[in-house]
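Reader: Please guide me through this structure, one question at a time.

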Amino acid sequence: MNETVPSAASSPAAPSARPRARRKASDLSLVKAWWRGLGGDGFLVLPPPGRSRYTQSDGHEDAAELAGRQGLTGPVSFAYWHWQSHGRAFDRSGALTGELLLHWGGEHAVVRAGLGGGPDGFRVVDAGPGGAFRLDRITRRDGAGLPDPADRDGVRQFLDALAEPLDRGGPFLRYRPLSPAEAAWLHARLAGPLELTAATRCAVALERRDGLTPDETDRLLHAWREAYPGRPEKWTGWRELLHALLRHEHREVWEVVAALGPEAARILPRVPSERGLAVAREHSRAGERTAVPAWLALHRSLREPDAVRAVVALAADLAAHDAPESALRGLYTALIGAVTSDWRRETGAGYAAGRSHAALAAVRFATDERLPRPLRVLAAEAARDQVEHVREEALRTEGAPLPAAPDAAPGPARGPGPADGEGAAAAVRRYEAVRDELSAGSGPDLTAPETALRDTWYRYRTLTDADVRRLRERVADPGTGLQGLGFCLELLHAHGLAGAAEVDALLPRRLKDLTKKYRTTYTEWRHPLVTLTCLALDLGHPAADRLVAWWDGPRPVWKDELRPLTLLGAPDETKADELWRLATARGADVGVLMTWVLARARLDGTPPLLVADRLLGDGTGTGVNEHHLRQVLLGLAFPEQPLWHYTVNLRGRDWWQRARAVAEHPGLSPEARAVGLATARDHYLLRHPDRLRPAPAGPELASAREWIDRHPLST
């Protein structure tokens, strides 16, 4: 967002710097004044955010409430920013310190027209239907494209441009070369005494192009140590500086590697060495997943270039040293990443083609006898959501050359793996022949990010005997973390399969762990101590009184908002009354309304969906948050497995299935069925199928479109 002017860098009082001194109103005040003038013609602007609007999900909730208050019943387009964007864009004085992301919903063209060009001195940039609008200041550059060093906004925008990769979809991030003038400008910022905060982004921009000199590298190292004693990883520029230290063979580089710990392993493959290999191996054996891809990359650089043979050797090393399961999972992920990156580098294929190749690799690896069984089990688990996509690709490309097997290598050393010319359809048939046998020993990665683990939830609406065994083993395992424990215990409890054995397995041995804070921000399960308390109360277990006493205690305070959820255990009218009072009070709701509906359903012997539907028919006169109620309705579409998170995940297959179930339910009111239909119409499977992971195969997409055609808005 800049304009080119004659050289400003040579002037001590650059024109771009003077307007800042003359401004009296803060940047935030100017933006708010402009914002208040927007809206109308089917376009809503939400008020500037408070801390309660922390995410995009919160923004969509606020928009729904605002539309309801204004009596808008049709499609609405809206724009807003949330608290995270606010904190990144403005400092405490209201000065703009970065781009302000303006999120939106509805029709992109309506929002674009409604926002216009921005307030005076600023510009709104449209990132297209798939992104947020960006508001930033208009700045100036000299004839060489360089900002005045005194113009902080111009400098920030210049460095932002240098930080943009040439292709974010490439297997490796690459950055455009610097012009001689740009390189000189950056080096000038590092000359003389270093102020690390100001120097960081200039140093990063240079080293991403192997540009830091030995002298600059040494001075940055000393400045880093002075600024971050005992916590070197807190500096944002450490990765690039470590690369420079390795590249220049600095005398203190291995001390730095040791101080940084496992995270440093990510950088080691960029400058391969035997010592780096030993460091990555040690961290991988300890179960540090971040180090495993580096270990594989270094082993391939220094020992065995073939990805499959290298992985077989590393898997044997892990087995010999009884490494944690996380290390083997990391090795499988590293294998898929390695063969996909190799193929993309050799073929020049894009990101989407790489995803297809990775899916085919998972299917093939599930039956590759060269791999040890634990890796084939992980491949079979990963292939479960990919196989239909691979099958469709095989049909689409029938008669065309297929990608080589993911382990392709010339000569007999390849071993008994699938031949290069093996068709994808044949690979699918081989996989399906062994899938059930391999899947019996598999399960989700309980240490994966919550969003990834959440996406597996719908698979467990029905449980096999093998699933139940694995879930019980994980609950009883002292090494299962709070996230995994919440996932497994919730599944067992929801299906009526948790019992006294689970309570006895967790108490008292794990009570210290269970009383730790664990926010279930993006999950479908509750804090495990909530679920355990409800289970103990339902069973009349002797531990129930002890658990209730802990929840009723004054400390720790984080538990207070979760305590009402325990009232679902052995519910009675007194508990139901307390839940209703809380559910109808304005404020944050982390599952209280869902808990009341389930408690009322148990007390009345009524299906939970019908209880929620009765509230929907009463309108908002009850004091219930209408937006939350609609989400509870969807979350209870399959009451044997409630979804506790109040924000509809429009990327989740489970929410698509639940929306359809509500829309088709013959016992629900027209208003309730309309909620299901509207949610289904907004789902990414219909609106943005290319953004789903895994991508939908043709039959799934055709079925979804056929269903929506049979359910017009008037139903």
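This is a predicted model: local features need pLDDT of at least 70, side-chain atom pairs count only at pLDDT 80 or more; totals for chains, interfaces and linings use all residues.

Reader: At what angle do the axes of helix H15 and helix H16 cross?

Author: Helices (H or I, at least four residues) and strands (E, at least two) are DSSP runs, numbered from the N terminus. Axes are lines fitted to C-alpha atoms, for helices over the stretch in contact, with angles from 0 to 180 degrees between N-to-C directions. Helix H15 covers residues 325-347 and helix H16 covers residues 351-365; their axes come within 9 Å and cross at roughly 130°.

Reader: Which term describes the orientation of H15 to H16?

Author: Angles under 35 degrees count as roughly parallel, over 145 as roughly antiparallel, 65 to 115 as roughly perpendicular and the rest as oblique. The angle here is roughly 130°, so H15 is to H16 oblique.

Reader: Is the crossing of H15 and H16 left-handed or right-handed?

Author: A crossing is left-handed if the near helix is turned anticlockwise from the far one by less than a right angle, and right-handed if clockwise. For H15 and H16 the crossing is right-handed.

Reader: How many charged residues are in the contact of H15 with H16?

Author: Contact means heavy atoms within 4.5 Å; Ala, Val, Leu, Ile, Met, Phe, Trp, Tyr, Cys and Pro count as nonpolar, Asp, Glu, Lys and Arg as charged, and the others, Gly among them, as polar. On the H15 side, the residues include Tyr332, Trp343 and Arg344, and they meet residues of H16 including Tyr351, His357 and Phe365. By class, the contact of H15 with H16 has 11 nonpolar residues, three polar and, among the charged, one.

Reader: How many residues in the contact of H25 with H26 are nonpolar?

Author: The axes of helix H25 (residues 528-539) and helix H26 (residues 544-552) come within 9 Å and cross at roughly 140°, which means that H25 is oblique to H26. The crossing of H25 and H26 is left-handed. Among the residues that make the contact are Leu529 and Leu537 of H25, together with Trp550 and Trp551 of H26. One residue of this contact is polar, none is charged, and the nonpolar ones number 10.

Reader: Is proline 689 buried or exposed?

Author: Proline 689 is found in the loop between helix H33 (684-687) and helix H34 (698-709). Not counting residues up to four places away in sequence, proline 689 touches Tyr684, Pro696, Leu701 and Arg705. Its relative accessibility is 17%, so proline 689 counts as buried.

Reader: How far apart in space are valine 590 and arginine 526?

Author: Valine 590 has its place in the loop between H27 and helix H28 (592-604), and is partly exposed at a relative accessible area of 32%. Valine 590 and arginine 526 are 64 residues apart in sequence, whereas from C-alpha to C-alpha they are apart by 9.5 Å.

Reader: What is the omega of the peptide bond from leucine 507 to proline 508?

Author: Proline 508 is found in the loop between helix H23 (500-506) and helix H24 (511-514). The peptide bond from leucine 507 to proline 508 is cis, with omega near -5°.

Reader: What is the phi of aspartate 41?

Author: Aspartate 41 lies in the loop between helix H2 (27-36) and strand E2 (43-45), and is exposed, with a relative accessible area of 83%. Although aspartate 41 is not a glycine, its phi is positive, at about 55°.

Note on methods. Residues are numbered from 1 along each chain as its sequence is written. Side-chain values use heavy atoms; hydrogens and water are left out. Buried means under 20% relative accessible area, exposed over 50%, partly exposed in between (1.4 Å probe, protein chains only).
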